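Subject: Structure handover

Hello,

Here is the structure for your files. My notes on what was found in it follow below.

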Amino acid sequence: MQRRGFLNLVMAAGAAMALTGCGFRLRGFDTPELAVDELAIAGNDSELARLTAERLSSLGTRVHANAPLVLNLGPENFGERQLSVLDSGPQEREMTLSVPFSVQRRSDGAYRLPQQRLEVATRFTVSDDNLLAQDDIREEARQELRHEALRRLFDRLRALETR
């Protein structure tokens, strides 16, 4: 029995080394921190703005109104369209989220990141048989889209350098 345990350990270590050697990383782990020490968030009081402020704070960036850089977040625009051809039975749907954003320097109003648009999409299936679950499925899709948009926003913010 000890030999089997030892072989399992050796195989797991070998698989971990092979994955590490090929460049595999779990998304969100081993990500560099932002080069921005302070940032203000301007725009709509949306769920995405709240999640952004929480994530910035957890990364060590101070979020306050008088910061030298301002992240301008536009309104969240959700869209939904039907992908299935038939109107009965399970229906595949696609939900999209589009959010404009930019980063400005407060001192002279210069854009550090010109206005861009975060656009993410996800697919889900709803059924007429379970009408009560449709709202929950849509809310889960909205949360998934917000988290993906947040990840992409932070990928773009990592390119900023403080000057």
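β3 and β5 pair in the antiparallel sense, over 5 bridges. Strands here are DSSP runs of E of at least two residues and helices are runs of H or I of at least four, both numbered from the N terminus; two strands pair if DSSP finds at least two bridges between them.

Before the rest, the basis. This is a predicted model, in which local features need pLDDT of at least 70 and side-chain atom pairs count only at pLDDT 80 or more, while totals for chains, interfaces and linings use all residues. Residues are numbered from 1 along each chain as its sequence is written, and side-chain values use heavy atoms, with hydrogens and water left out.

The chain has 3 helices and 6 strands, in the order α-β-α-β-β-β-β-β-α from the N terminus. Of its 163 residues, 31% count as buried (under 20% relative accessible area; exposed is over 50% and partly exposed is in between, with a 1.4 Å probe and protein chains only).

Strands

β5 and β6 form a hairpin with 5 residues between them, and glycine 109 in the turn has a positive phi of about 75°. Because 12 of the 15 residues of β5 are buried, this strand is largely enclosed by the rest of the structure.

α3 has 27 residues and reaches 40 Å from first to last C-alpha, close to the 39 Å expected at 1.5 Å a residue (the expected span is 1.5 Å times one less than the number of residues). Its buried residues include Leu145, Leu153 and Leu157. The buried residues of α3 pack against α2, β3, β4, β5 and β6.

Leaving aside neighbours within four places in sequence, leucine 157 is in contact with Leu34, Val103 and Leu113 (contact means heavy atoms within 4.5 Å).

Salt bridges

The count comes to 15 salt bridges (a side-chain nitrogen of Lys or Arg within 4 Å of a carboxyl oxygen of Asp or Glu). In one of them, glutamate 38 meets arginine 62 at 3.0 Å, N to O. Glutamate 38 lies in β1 and arginine 62 in β2, so the pair ties together parts that are 24 residues apart in sequence.

Glutamate 94 and arginine 81 meet at 2.8 Å, N to O; glutamate 94 lies in β5 and arginine 81 in β4, so this pair ties together parts that are 13 residues apart in sequence. Glutamate 94 is buried, with a relative accessible area of 14%. Glutamate 92 forms a salt bridge with arginine 123, the closest N and O atoms being 3.8 Å apart. Glutamate 92 is partly exposed at 32%, whereas arginine 123 is exposed at 54%.

Finally, Glu148, Arg151, Arg152, Asp155 and Arg158 are linked in a network of salt bridges. Arginine 151 lies in α3 and is partly exposed, at 29% relative accessibility.

Regards
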